[in-house]
Amino acid sequence: MEKLNKERAAWIYKKMNDIRNFENEVHEIFATGSIPGFVHLYAGEEAVAVGVCAHLTDNDYITSTHRGHGHCIAKGCDLNQMMAEIYGKETGLCKGKGGSMHIADIDKGMLGANGMVGGGFPIAIGAGLRNQYLKTKDVAVCFFGDGAANEGTFHESINMASIWKLPVVFVNENNSFGEATPQWYASGSKRIADRGPAYGIPSETVDGKDLMAVYEAAGKAIERARNGEGPTLIECLTYRNYGHFEGDEQKYKASSGDENTFAKRDCIKEFRQYAVDKKLLSAAGANKIEKSSTEDIEHAIKFAEESEVPKPETLYQDVFAD
Amino acid sequence: MARRIAFMKAINEALDQAMAKDDKVILLGEDIAGGAKVKQLEKENEDAWGGVFGVTKGLMPKYGRKRVIDTPISEMGYMGAAVGAAATGLRPVPELMFNDFIGFSLDTILAQGSKMRYMFGGKARIPMTVRTTHGAGASAAAQHSGSYYGLFGSIPGVKVVVPSNPYDAKGLLLSAIEDDNIVVFSEDKTLYGLKGEVPEDYYKVEIGKAKIKREGKDLTIVTIGKMLYVALDVADQLAKDGIETEVIDLLTVAPWDQETVIESVKKTGRLIVIDEAHPHNNTAKDIAAVVGDKAFDYLDGPIKTVCAPNTPVPFATNLEQLYLPSPKRVLETAAELIDDLKK
Ligand SMILES: Cc1ncc(C[n+]2csc(CCOP(=O)(O)OP(=O)(O)O)c2C)c(N)n1
């Protein structure tokens, strides 16, 4: 696996900031009523999406979840078009027809946020099958929540990945909750990673607030997948900064307890500290990245607000391929 | 004045009264209470959510987690468990948060629950009510906005109820829970705030009976769920031209009330069915076919259906509004039928 260099560190720091700023802004705008529908924010979990996608190219595939903005940004989707999509504008990544929950860009290998919890597992298997069939070195990464691991699709998919040695990496974002239900209630195994060995898959649990921990675990897993050595399951312990969706009172979040050690931590600050200490980033360089990220998100909002809503005839388009 | 409460409160009250009356009634679903094994909530005997829309709020504190069961995100698991529990003597009311999630659990209804009684030679009873939500108009996008009551209604052994107002919602839900068959009770999520008169006592509204909401002699409009309000709006507008519209709220999609619909068509000779489902293989087309078959001689024109287009539900608000059957579209359709009346 490639060691983290300066260029990659700057890329990582920019993406993490982009996600945080994007989500914080969406949070504010949603409260004003300009963004319709259900919005699930990724803020707090940046180290996972970015730590994993840092190893991917546009030829690799990912499947995402209802909490998909972070994966989208980390996979290189256009910020302007993303914001426009969430506003439901014609310039959006999906022409305003998908919205936050279905945000996708297949050209970037981003196979979609998903409104169906557990919907991404088998799709990732399909992408892995394709990579194997075409003898590419590409991988498919399946991001999923702790709650999603209780769908049958998780078990069916991970087993198929195992028996066919597919180039698939299962990346669990364990933020302790599926909606308002804690993982310690809904899961019979303490750790999601405990389930991998039952299907013959190498598995580990990492500190998902620590970008380097995710980066290293994902690097190894992706390398294995590219070399035809089969799938891996990585459980990343993390926390979401906001509610399940916008408007959630979050009465289930504890003021004290286990999960709170993750709640108090900021993965972006931690990575900045690490990168500056290791001389991968200068303080001035980090500040500059922060500033350019803020500007990029401001620009994305302006782009979205100034864009037009989709034309009426588009309602009927793209049901079938021509 | 009689008490007025919201649609969602009427449903909550029906569940409450059904649970009070029969301890075999249990609820299962994702976050129907919320916050299971969360210390501070356990201490206060509080639910975190009471369902994603708050419809089941307060039931867990009242009846406990033994009867209001939060499930993992495992629709195939808990919907199937409801079938098993129903077949063996309980009266479960599982909640499928959005009807679009049926893909994760359809076997439980399609191949198991609906067929058991028949396959087992009439020995089994499946007294189970699936509460679910449907409907566009909430910007919930393609995977949370569908209207699939017709899909359930096409399965033998399954009854399907779609209430349009708080009064019928409560009475139909109490009937559904007492029914010894699988009843899919489909709630339009955009109606949850709608208020109406609802008696406080336990009462039932009969499954399988449509209601005439407005009488008329020139044109019949049959509606499902919130499409009632589209039809009432249209009827008001047509009345200005002296056209009297009969509006029928179907309430039960399967088995739908052929008698009431056909009697009305015999009187008016003209029929429009408004159904938010996709335009093919849906309830509206079934009604059109049955009426065409049984009341052909009484018709003064073609039977018309106004449905959603053959597309998924789009996210953008303007497209979503265009997707939904509107008074404008129904009026245009009515114009084709009533030209002769105006002459
Ligand atoms: C098949 C299906 N079941 C249920 C839901 C409702 N739902 C949306 S998000 C969610 C919780 C998911 O939890 P988790 O997988 O842990 O992801 P997180 O929200 O924590 O990122 C649920 C139950 C859904 N969208 N799809």
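Trainee: Which residue's polar backbone atom is 2.7 Å from a nitrogen atom of the ligand?

Mentor: That's G115(A), whose polar backbone atom sits 2.7 Å from a ligand nitrogen. Keep in mind that this is a predicted model.

Trainee: What about side chains, say D146(A)?

Mentor: An N or O atom in the D146(A) side chain is 3.2 Å from an oxygen atom of the ligand. The protein buries 98% of the 580 Å² that the ligand exposes when taken alone.

Trainee: What kind of space does the ligand take?

Mentor: The ligand takes up the space of the largest cavity.

Trainee: Why call the site shared?

Mentor: Because the residues surrounding the ligand come from chains A and B, the site is shared between chains.

Trainee: Switching topic: what domain does UniProt list for chain B?

Mentor: The unreviewed UniProt entry gives "domain: Transketolase-like pyrimidine-binding" for residues 5-194 of chain B. That stretch of chain B is 37% helix and 18% strand, with its end C-alpha atoms 8 Å apart.

Trainee: Now backbone geometry. What joins A254(B) and P255(B)?

Mentor: A cis peptide bond, with omega at about -5°. P255(B) is in the loop between β12 (252-254) and α9 (258-268) of chain B.

Trainee: And S176(A), is its phi positive or negative?

Mentor: Positive, about 75°, although S176(A) is not a glycine.

Trainee: Where does S176(A) lie?

Mentor: In chain A, S176(A) is in the loop linking β3 (168-174) and β4 (177-178).

Methods:
Residues are numbered from 1 along each chain as its sequence is written. Chains are lettered from A and ligands numbered from 1 in the order in which they are written. This is a predicted model: local features need pLDDT of at least 70, side-chain atom pairs count only at pLDDT 80 or more; totals for chains, interfaces and linings use all residues. Side-chain values use heavy atoms; hydrogens and water are left out. A residue is near a molecule or strand if one of its heavy atoms lies within 4 Å of it. A polar contact is a pair of N or O atoms within 3.5 Å; within protein, one must be able to donate a hydrogen and the other to accept it, and residues adjacent in sequence count only if both atoms are side-chain atoms. Accessible areas come from the Shrake-Rupley method with a 1.4 Å probe; for residues, only the protein chains shown count as cover. On a 1 Å grid over the protein atoms alone, a cavity is a set of points where a 1.4 Å probe fits but cannot get out, and a pocket is an open set with protein on both sides within 12 Å along at least five of seven lines; lining residues have an atom within 4 Å of a point. A molecule sits in a cavity or pocket if more than half of its atoms lie within 2 Å of its grid points. UniProt positions are given in the numbering used here, feature names are shortened, and annotations may be inferred rather than shown by experiment. Helices (H or I, at least four residues) and strands (E, at least two) are DSSP runs, numbered from the N terminus.
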